[in-house]
Amino acid sequence: MGLCVKLCGTLKDHQPRLCSTVAPPDEITINYRHGLPLITLTLPSRKERCQFVVKPMLSTVGSFLQDLRDEDKGVKSTAVLTADGSEIPASTLMGILLMNDFKLVINKITYDVRCPKKEKLSCEHTAEMENVKSLVHRLFTALHSEEFQKRRERRLLEKIDQLTGRLQPLEQMKARIEARSEAKTSGLLWAGLALLSAQAGAMAWLTWWVYSWDIMEPVTYFITFANSMVFFAYFIVTRQDYTYSAVKRRQFLHFFHKKSKQQQFDVAQYNQLKEELAKANESLGQVRHSLCLRMREELKEKN
């Protein structure tokens with residue numbers, strides 16, 4: 001896919017001072033930067049100069065035209081023609097297209113594009129570069145062929161089935177352990193509520209039936225101070241604030257890991273299988289997306 005580089009500001013901000021070097025606002029120019037072709041043109045809707053960097057051995061005519069449509073929604077129809085008016089297929093590599101001058105049609109407006117001639121290289125270096133380009137093209141074709149993608153899809157489906165089969169008994173065991181841990185944690189919370197209720201009842205009984213408030217006031221103060229010490233000790237030990245949700249979560253994990261050891265449930269293996277399954281599903285989605293794009297390109301070529 002091509003990389004689009006937008007020019008911010010007005011056209012005047014980017015034009016050189018010498019009028020002889022300024023390109024007309026509607027002209028399509030091709031320059032080479034760092035060895036890659038840089039196609040500069042004016043977007044029809046926004047009237048902005050936009051630059052597209054293409055990879056000659058990876059980008060195709062179809063992908064370049066798709067980049068134009070994605071960048072400017074006002075581009076309704078596009079086509080690439082040879083100098084004599086013959087349409088160039090969408091599967092043609094951009095490296096082949098840029099060897100000769102061509103015509104670019106955008107919204108029924110035809111632009112004559114002149115390709116700059118590269119410096120001539122030595123015969124030995126030229127042959128070496130052609131071999132490298134041919135190797136890259138064959139590799140790209142093999143990696144993006146429909147048959148290769150389908151084989152990869154089948155391998156990923158088999159891997160997903162295998163991982164799902166290994167995870168199924170672990171999921172069932174994990175569900176049982178979580179249910180028991182949740183029950184123990186809830187019981188512990190209810191026990192804490194019962195203890196606080198008993199403490200409040202004992203304080204009320206000692207205040208109104210056994211002693212008076214004058215005697216129980218310092219007792220309640222020291223009980224409150226002792227509770228504050230307990231909360232502060234909890235923070236020192238766990239490095240967490242004493243909140244009911246944090247305490248519940250910590251106690252649940254304690255019961256869960258303790259029960260996992262008793263049931264011989266390998267938490268590390270379970271997490272590893274879950275990560276592998278997530279990666280396999282992500283790769284499968286990418287393969288199917290690539291197949292859909294290829295089918296769309298084939299349908300466009302037929303139409």
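A: Side chains of opposite charge can pair when their charged atoms come close. Here, Arg114 forms a salt bridge with Asp101, with the closest N and O atoms 3.8 Å apart. The term means a side-chain nitrogen of Lys or Arg within 4 Å of a carboxyl oxygen of Asp or Glu. Arg114 lies in the loop between E7 and helix H4 (123-143) and Asp101 in the loop between H3 and E6, so the pair ties together parts 13 residues apart in sequence. Helices (H or I, at least four residues) and strands (E, at least two) are DSSP runs, numbered from the N terminus.

A word on the source: this is a predicted model, where local features need pLDDT of at least 70 and side-chain atom pairs count only at pLDDT 80 or more, while totals for chains, interfaces and linings use all residues. Residues are numbered from 1 along each chain as its sequence is written, and side-chain values use heavy atoms, leaving out hydrogens and water.

Q: Is Arg114 buried or exposed?

A: Buried means under 20% relative accessible area, exposed over 50%, and partly exposed in between (1.4 Å probe, protein chains only). Arg114 is exposed at 66%, and Asp101 is partly exposed at 31%.

Q: How many salt bridges does the structure hold?

A: Four. One of them joins Lys174 and Glu178, with 2.6 Å between the closest N and O atoms. These two are four residues apart in helix H5 (residues 146-210), about one helical turn. Lys174 counts as buried at 19%. Another links Glu182 and Lys248 (3.2 Å, N to O). Glu182 sits in H5 and Lys248 in helix H7 (residues 244-263), so this pair ties together parts 66 residues apart in sequence.

Q: In what order do the three strands of the open sheet come?

A: Two strands pair if DSSP finds at least two bridges between them. The order is E5-E6-E7, with antiparallel pairing. E5 (78-82) and E7 (109-113) are at the edges with a single partner strand each, so one side of each has no neighbour in the sheet. E5 and E6 (residues 102-106) pair over five bridges.
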